[in-house]
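Trainee: I am new to this one, and I would like to go through it with you. Could we begin with the terms?
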Amino acid sequence: MQLIICKTDTFSCQGLKNKIMNTKCLFLIITIISFFSGCHHEYSSDKNTKILAIDSLPSLPTHHSILEKEINYIAPQSGSVYLVWNIENLPLDELVALNDNTKLNKGKLYTPMSAIRDTFKIKLNVPQNYTFNYSFWITKNRQGHYIDYWDSKSHGRMQVSDDDPIIKKANYSKVETKTESKLLSKGWLALIFFTGVFSLLYLIEKKWLIHIKAPSHFETIVFLGISLILLQALARSEIVGINPLSYTNNPKLIVKIIRASFSDFSFVASITIVFGLVGLWIKNVKIKNALNLLFILFAIFIIIVAFVNITTVILLGKPFTYQWLYYSDFLGSDEAKTALQENISLSIIVNLVAYCISLFLLAKILHGTYKLLTAKKNLKYITLSLLSLTMMVLLFFSFKTDVNWTKGKSENAITSFVNSMMKANSNSYFFDTEITADEETFDPAKSTPLKTPLIDSYHHQVKNVLFIVLESAGATYFDAYGGGFELSPNLNKYAKQTLIFDQMYTHTPSTNFSLVSILGSMYPIISFKSITQENPEIDHPTMSSVLKNNGYRTSFFTSADLRFQNCNNYLAHRGFDNVEDFSMIKCDNQFHLDHAKFTEGNGMDDLCLADRLSRWLDLNTDQNFFSMLWTVQGHYPYFFEEEEQDYGVSNLSFNRYLNCLKRNDELIGLVMQLLEERGLVSSTLLVVTGDHGEAFGQHSQYGHATGIYEENLKVPLYLINPILFNGERVKDIAGMKDLATTVLPIIGVDTPEIWQGRNLLSTTSNEAFYFAPWSDYLFGYRNDHMKYIFNETENTVKVYNLKNDPKELTNLYNNKMNVELINARHKVSAWVQFQDNYINQILKKEQ
């Protein structure tokens, strides 16, 4: 059961404090006498046991001494451990006073243990002859990444009679969560099983005096191929949710797993046939051996990919693609490194090796069994006939079976990746479909003017602009958007001077894509490639460059690492006076990847951004300013090093994420405070938004870039200023591209004609467009309450009514929606082709 320590500022020791105050004078006299007489605490001579004067704790029974008890916990795979303990029949708040760094939460005491190499140690002051209960809570692994593991097998209960140290060894038999593969940790079990079967077959050979010849080159390839198919089917069973142990009770599941494994079967069968036929054709023995070795190496690679793919599909919903490889900076980004560290351990490597050995044992078993069954010629033909007939029957019924898994769960990982790489630069239907002359020309700023603008007059003293962009901030978790977690006390505090947009969306669930849209008032490039990576010097005006040209001071401060997708280079060409990330900002609390090969840091505490902004503002108090703060803690792996508040969610990462969002609210409070201290609140427009959302299991996805559901796209948007706003809310559909074209008119600065956004304060719109190209090629269109998601990779459509179904649980798609879907497709096609031409024209202008 997950338990998170709640943040507590004080601990109740009132009874103890009152008694101490009553004897204050007595203690003072005793202390003075003790000092001059050389008195000290008594120590036992034989065991160096520390005995505390029991009179110093008048609430504890006077007939028991206080012992110093040492607990040693040998935990080589852990990076941070808490001792969780209590003493039966004693007030726990008084034990808190006895032990430094100990905190009381929900009837248990939590004390952090100190690491000395592989051992965690702690010395506790505990009363003698009382019952002591203890257990160990591991909060970080060896690499410094957060985990939530209660070592239930190493707990203890004892009566404290002496000071003998307690020594316990960690037991890491952890139950995997839904984001981890069970089979990936069971390679050793498969190895034991196949070793046992192989030994049994060997004994049968010896007993019956049967000599089985070593397999030929052709037989080696064939039986390795069959073994590959069977082990891949084992891996596939977990992906599609079929328990292999259930086959005996429900043979129909065999048909289902054959259906699910057909892509694996086709791939391996093709490779096996090619290698087998080439081996038969080649006569040179050395070349045959080389060919067999190549096939063996390929087989090892296939089996490793098959089992690693289980975790990939759990997290992404489908196999890893070339687009994901590009998005991760070819596994060079912090997110990719963190994911690799958390999913590649010595245990996993050992289990993968075990599966590889099992592959060869299974091939030996199949070959030996085949030879035993076909020892006689007649039996050979019968065996082959029965096997062929059985296979055909199973294949026939497998395609008659209804399945409930997505295409991504049944795709072969290798063929899927190769296919994504081959199609990486190809365009979808939307790029090529013909836009008829009578169709309306796409207008990126299409909107309807409001009869009464949301701001009565632009004659005011607001001249400064400050953005706070919250990393991975899904609107659904915020108080103002019905989150229910009470994450936003500071945002709530300023609610009466805030304008809130109920439906604010990113166009693509990716940080660097949103960066371009916010600054440049444009839809992103319709590609898995990015402007920041491919065209960082693009000649396009941005908020920062326009304001710089209008005499503003400009700055960009982030607690993240701007090397991701070349964002540092992109920002260097945007007219900022200062661009600084975590590596340049002074902060005592920085987060690093503790791994020999991955020394690149992830970021720093988001609160340090307030201090950096404060120092920057004080450098020049006369000039108007534009500044952008961009946080990082809301991004995976959700760095948060203080005690966490328990939000009652079942997922540790989700709980830590919510704590990070609460931390972001603290940042907003600090920023508002420093503006107030400098008298800048009235003259500064504060814009608070998110760059994209974050999913925690909704629609079977985790993270943000895998889909275009509401949890991926919808972000909060607060415009804060005491002169301009009075707690209004706007229900219009707004997008990232609209921010610059809304902000600049407020401060009396003209917007460039090339920008694509609309003014959210003077116009209204009911349309939005989205896309995400990394898992599948996804396109989305929103028209009023209706939302359409076109999966061009799988050729599927999903339709949702967000008014009746805000969580997108019911797909309304049916064959009778042809006219409606054709219209939606034409809208998306017009957008895609317009934007593709728009970006190309900008890039051609540079050439």
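Mentor: We begin with burial: a residue counts as buried when its relative accessible area is under 20%, as exposed when that area is over 50%, and as partly exposed in between. Please keep in mind that this is a predicted model.

Trainee: Is Tyr709 buried or exposed, then?
Mentor: Tyr709 has a relative accessible area of 12%, so it is buried.

Trainee: And Tyr800, buried or exposed?
Mentor: Tyr800 is buried, because its relative accessible area is 4%.

Trainee: How are the rings of Tyr709 and Tyr800 arranged?
Mentor: Their centres are 6.3 Å apart and their planes stand at 65°, so the pair is edge-to-face. The pair links distant parts of the chain, 91 residues apart. Tyr709 sits in the loop between strand E20 (702–703) and helix H23 (710–713), while Tyr800 belongs to strand E28 (residues 796–801).

Trainee: Which sheet does E28 belong to?
Mentor: E28 is part of an open sheet of four strands in the order E25-E26-E27-E28, with antiparallel pairing. E28 and strand E25 (767–772) are at the edges with a single partner strand each, so one side of each has no neighbour in the sheet. From one strand to the next, the twist averages 15°.

Trainee: How many bridges join E25 to E26?
Mentor: Six bridges join E25 to strand E26 (residues 778–783), and the two run antiparallel. Across this pair, Phe771 stands opposite Phe779 in E26. Phe771 and Phe779 also belong to a cluster linked by ring pairs, whose members include Phe769, Tyr777, Tyr781 and Trp831.

Trainee: How many salt bridges does the structure hold?
Mentor: The structure holds 22 salt bridges. One of them joins Lys371 and Glu219 at 3.0 Å, N to O. Lys371 is in helix H11 (residues 346–373) and Glu219 is in helix H5 (residues 217–239), so the pair connects parts that are 152 residues apart in sequence.

Trainee: Is Lys371 buried or partly exposed?
Mentor: Lys371 is partly exposed, because its relative accessibility is 29%. Glu219 has 17% relative accessibility, so it counts as buried.

Trainee: Where do Arg612 and Glu580 lie?
Mentor: Arg612 is in helix H21 (residues 608–619) and Glu580 is in strand E14 (residues 578–580). Their side chains meet in a salt bridge of 2.8 Å, N to O, so parts 32 residues apart in sequence are tied together. Both Arg612 and Glu580 are buried.

Trainee: Let us change topic. What is the order of the strands in the sheet with mixed pairing?
Mentor: That open sheet has four strands in the order E5-E6-E1-E9. Its edge strands are strand E5 (114–116) and strand E9 (166–169), each pairing on one side only. Neighbouring strands are turned by 30° against each other on average, with direction ignored.

Trainee: In which sense do E1 and E9 pair?
Mentor: Strand E1 (residues 66–74) and E9 pair in the parallel sense, over four bridges. Ile71 stands opposite Ile166 in E9.

Trainee: Back to rings. How many aromatic pairs are there?
Mentor: The structure holds 46 aromatic pairs. One of them, Phe298 with Phe301, is stacked, at 6.4 Å centre to centre and 15° between the planes. Both residues lie in helix H8 (residues 285–316), three residues apart, which is about one turn of the helix. Phe298 has a relative accessible area of 26%, so it is partly exposed; Phe301, at 43%, is also partly exposed.

Trainee: One last topic, the surface. Which residues form the nonpolar patch with Phe397?
Mentor: Leu389, Met392, Val393 and Phe396 form the patch with Phe397, and together the five have about 500 Å² of accessible area. Phe397 lies in helix H12 (residues 377–398) and counts as partly exposed because its relative accessibility is 44%.

Conventions
Residues are numbered from 1 along each chain as its sequence is written. This is a predicted model: local features need pLDDT of at least 70, side-chain atom pairs count only at pLDDT 80 or more; totals for chains, interfaces and linings use all residues. Side-chain values use heavy atoms; hydrogens and water are left out. Patches are made of residues with over 30% relative accessible area and no salt bridge: like charges are joined within 9 Å, nonpolar side chains (Val, Leu, Ile, Met, Phe, Trp, Tyr) within 5 Å. Accessible areas come from the Shrake-Rupley method with a 1.4 Å probe; for residues, only the protein chains shown count as cover. A salt bridge is a side-chain nitrogen of Lys or Arg within 4 Å of a carboxyl oxygen of Asp or Glu. Buried means under 20% relative accessible area, exposed over 50%, partly exposed in between (1.4 Å probe, protein chains only). Two strands pair if DSSP finds at least two bridges between them. Axes are lines fitted to C-alpha atoms, for helices over the stretch in contact, and angles run from 0 to 180 degrees between N-to-C directions. Rings of Phe, Tyr and Trp (its six-membered ring) pair if their centres lie within 6.5 Å; planes under 30 degrees apart count as stacked, over 60 as edge-to-face and the rest as tilted.
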